[in-house]
Amino acid sequence: MKKALTLLLFMLFFGNVIGQVVNPVKWTSKVEKVSETEFNLIISGTIENEWHVYSQHTPDGGPLPMVLEFKNSKGNYELIGKPIESKYKKQFNDVFEVDEYLFEKSVTVTQKVKITNPKTNKISLHLEYQACKEQCINDNKDFVFAIPQIASSEIEVIKATDTAAVVAE
């Protein structure tokens with residue numbers, strides 16, 4: 001009976017240790033004001049030693065690239081350009097036979113946005129990424145960026161053109 005109890009306690013203890021969730025990247029986010037209607041949305045990840053995260057620019061046929069999905073943009077904000085990443089490392093992968101673009105120690109991604117609706121007070125981002133050491137894990141993180149109040153007068157209104165009134169010559 002003593003052996004069974006000892007074995008059970010041993011399995012519970014080590015089962016919990018082994019079953020711990022691996023989270024090798026710690027993420028933070030912030031908003032930087034560029035103008036009255038433009039903001040930089042910035043996410044930064046601190047990557048544990050010996051781990052790395054793949055860039056969104058990782059070529060097809062290789063490991064899974066980082067994916068950024070900005071939510072509810074229609075009528076609220078516009079993405080200005082593509083997300084800008086911090087400097088990454090390029091290395092050839094013998095398994096996939098492609099160049100990989102990866103981050104070690106840290107990663108920063110910045111997306112510039114222009115607010116088109118003065119009622120917009122937050123922007124949501126869903127991030128998917130792959131972190132690898134000897135094995136890879138697929139992970140994701142959701143961010144909510146608080147956008148400061150914008151006066152309606154700062155928003156540039158674009159009038160719709162009445163295409164029915166245009167006459168072809």
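Where is E50 placed, in a strand or in a loop? E50 sits in the loop between β2 and β3 (52–54); strands here are DSSP E runs of at least two residues, numbered from the N terminus.

## Ground rules

This is a predicted model, so local features need pLDDT of at least 70 and side-chain atom pairs count only at pLDDT 80 or more, while totals for chains, interfaces and linings use all residues. Residues are numbered from 1 along each chain as its sequence is written, and side-chain values use heavy atoms, with hydrogens and water left out.

E50 counts as exposed because its relative accessibility is 62% (exposed is over 50% relative accessible area, buried under 20%, partly exposed in between, with a 1.4 Å probe and protein chains only).

E97 also has a positive phi without being glycine, near 55 degrees. You'll find E97 in the loop between β6 (89–93) and β7 (98–104), and with a relative accessible area of 60%, E97 is exposed.

Take I43: leaving aside neighbours within four places in sequence, I43 is in contact (heavy atoms within 4.5 Å) with residues including W27, L68, V109, L127, F143 and F145.

## Aromatic pairs

Rings of Phe, Tyr and Trp (its six-membered ring) pair if their centres lie within 6.5 Å; planes under 30 degrees apart are stacked, over 60 edge-to-face, and the rest tilted. That rule gives five aromatic pairs. W27 and F143 make an edge-to-face pair, with ring centres 6.2 Å apart and planes at 80 degrees. The pair ties strand β1 to strand β10, across 116 residues. W27 is buried at 11% relative accessible area, and F143 is buried at 5%.

Y88 and Y101 are a tilted pair, with centres 5.1 Å apart and planes at 50 degrees. Y88, in the loop between β5 (77–85) and β6, is 13 residues from Y101 in strand β7. Y88 is partly exposed at 32%, whereas Y101 is buried at 17%.

W27, Y129, F143 and F145 form one aromatic cluster.

Notes
Helix = DSSP H or I, 4+ residues; strand = E, 2+ residues; numbered from the N terminus.
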